Amino acid sequence: MRRLSALFLLFAGLGGAEDWHPMLNGKNLDGWDVRGDSNWTVLKDGTLVGSRPHNNPFKEWPLPRDQYRAWAEPQSWLYTKAEFDQFDLHAEYWLPPGGNSGISIRDTSRAKYALPGADHDSSRTPSHIGYEIQILANGGNDKYPTGSVYLFVPAKTGFQHDDDWNNLDIESRHDMIRVRLNGQPVAESPGDPARSKSGPIGLQLHDRFSWIMFRNIKIKEIR
């Protein structure tokens, strides 16, 4: 029993419930910045809903593929105003079938190059500057399914609940990133030593047709 208790404390990060702090106040987006054209709404029960506007800016169809892609493909994000060093992050998410999202850590650009506009550069999105923990519906056949440290290591599959709420836990340390999905370890990567060890946390809307729900987002800083 003593050994099991010690393992539990190690798994929990050697801290109690009082060490965790909610990142949403359940009422509004105080402490967060919207990056790009998106709508983020806090429901009465505290659930955060993110979606993109679908207003059609085109007067004539058909139109050039590049023009359509410039409207449909750039991302939008919701970023914390604060920046964090080492931490444990917990979030619960619900993604519709075919949905695509993610959680960004250590992205010092705050998605500057992922957004629509003159600075857009798909080779400099948050996953290229910091790290993105992938969230992908029905993505068992994708190279980087849910829980992957995108572009670094693919996650083990078989642990996501499609059409239901899921728990995602991210352990961010200077020399290691670890991810658990619904309590199961799915990915681990030391990352790139040249990249920042700290930065803000971001929630992704991958493209014009993305939407997602988050709840119970909380953080435990490791000092």
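A: Accessible areas here come from the Shrake-Rupley method with a 1.4 Å probe. On that basis the chain, a predicted model, exposes about 11,800 Å². Carbon and sulfur atoms supply 51% of that area.

Now the residue: Ser101. Ser101 sits in strand S7, which covers residues 100-105. Its relative accessible area is 1%. Buried means under 20%, so Ser101 counts as buried. The side chain of Ser101 reaches a backbone atom: the oxygen of Gln204, at 2.5 Å.

Gln204 is also one of the residues in contact with Ser101 once neighbours within four places in sequence are set aside.

The wider chain gives the setting. Its secondary structure comes to three helices and 13 strands. Of the 223 residues, 46% are buried. Take the contacts between residues at least 6 apart in sequence: 71% of them join residues at least 24 apart.

Overall dimensions come next. The C-alpha trace spans about 70 × 40 × 35 Å along its principal axes. The radius of gyration is 18 Å. A compact globule of 223 residues would have a value near 17 Å, so the two agree.

Last, charge. The chain carries 26 positive and 28 negative side chains. The centres of these two sets lie 2 Å apart.

Conventions:
Residues numbered from 1 in each chain as written. Predicted model: local features only at pLDDT ≥ 70, side-chain atom pairs only at ≥ 80, totals over all residues. Heavy atoms only, no water. Helix = DSSP H or I, 4+ residues; strand = E, 2+ residues; numbered from the N terminus. Rg over C-alpha atoms; globule rule 2.2 N^0.38 Å. Buried < 20%, exposed > 50% of the residue type's maximum accessible area, 1.4 Å probe, protein only. Contact = heavy atoms within 4.5 Å. Lys, Arg positive; Asp, Glu negative; His and termini not counted. Charge placed at Lys NZ, Arg CZ, Asp CG, Glu CD. Polar contact = N/O pair within 3.5 Å; in protein donor to acceptor, adjacent residues only side chain to side chain.
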